[in-house]
Amino acid sequence: MTYATDRLHEEIAYVAYHFHWSMDDILNMEHRDRRRYTAEIASLVTRAGSED
């Protein structure tokens, strides 16, 4: 099974935007690790938004 290209680009953009990591660094991660980082970022963003 291949991972959807659009979804991969979304994950790269999301992690790069929030953590300022390079595309190469993000692409070198295992899929599950990259998904975990996107989930953790989403949690941080949600918490930060609710603290306003």
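A residue is called buried when its relative accessible area is under 20%, exposed when that area is over 50%, and partly exposed in between, using a 1.4 Å probe and protein chains only. With that in hand, let us look at the chain: of its 52 residues, 15% count as buried.

Before going on, a word on where this comes from. The model is predicted, so local features need pLDDT of at least 70 and side-chain atom pairs count only at pLDDT 80 or more, while totals for chains, interfaces and linings use all residues. Residues are numbered from 1 along each chain as its sequence is written, and side-chain values use heavy atoms, with hydrogens and water left out.

Now for the overall layout. The chain holds 3 helices and 0 strands, giving the pattern α-α-α along the sequence; here helices (H or I, at least four residues) and strands (E, at least two) are DSSP runs, numbered from the N terminus. The C-alpha trace spans about 40 × 25 × 15 Å along its principal axes. If a contact means heavy atoms within 4.5 Å, then among contacts with a separation of 6 or more, 38% are between residues 24 or more positions apart.

What about the surface? Its accessible area is about 4200 Å², and carbon and sulfur atoms contribute 52% of that, as computed by the Shrake-Rupley method with a 1.4 Å probe. The chain also carries 6 positive and 10 negative side chains, with the centres of the two sets 6 Å apart. In this count Lys and Arg are positive and Asp and Glu are negative, leaving out His and the chain ends; each charge is placed at NZ of Lys, CZ of Arg, CG of Asp or CD of Glu.

Finally, take a look at the aromatic rings. Rings of Phe, Tyr and Trp (its six-membered ring) pair if their centres lie within 6.5 Å; planes under 30 degrees apart are stacked, over 60 edge-to-face, and the rest tilted. This rule gives 3 aromatic pairs. Phe19 and Trp21 form a tilted pair, because their ring centres are 5.0 Å apart and their planes lie at 50 degrees. Phe19 also pairs with Tyr37, edge-to-face, at 6.0 Å centre to centre and 85 degrees between the planes. That pair links distant parts of the chain, since Phe19 sits in helix α1 (residues 5–19) and Tyr37 in helix α3 (residues 31–50), 18 residues apart. Together, Phe19, Trp21 and Tyr37 are linked by ring pairs into a cluster.
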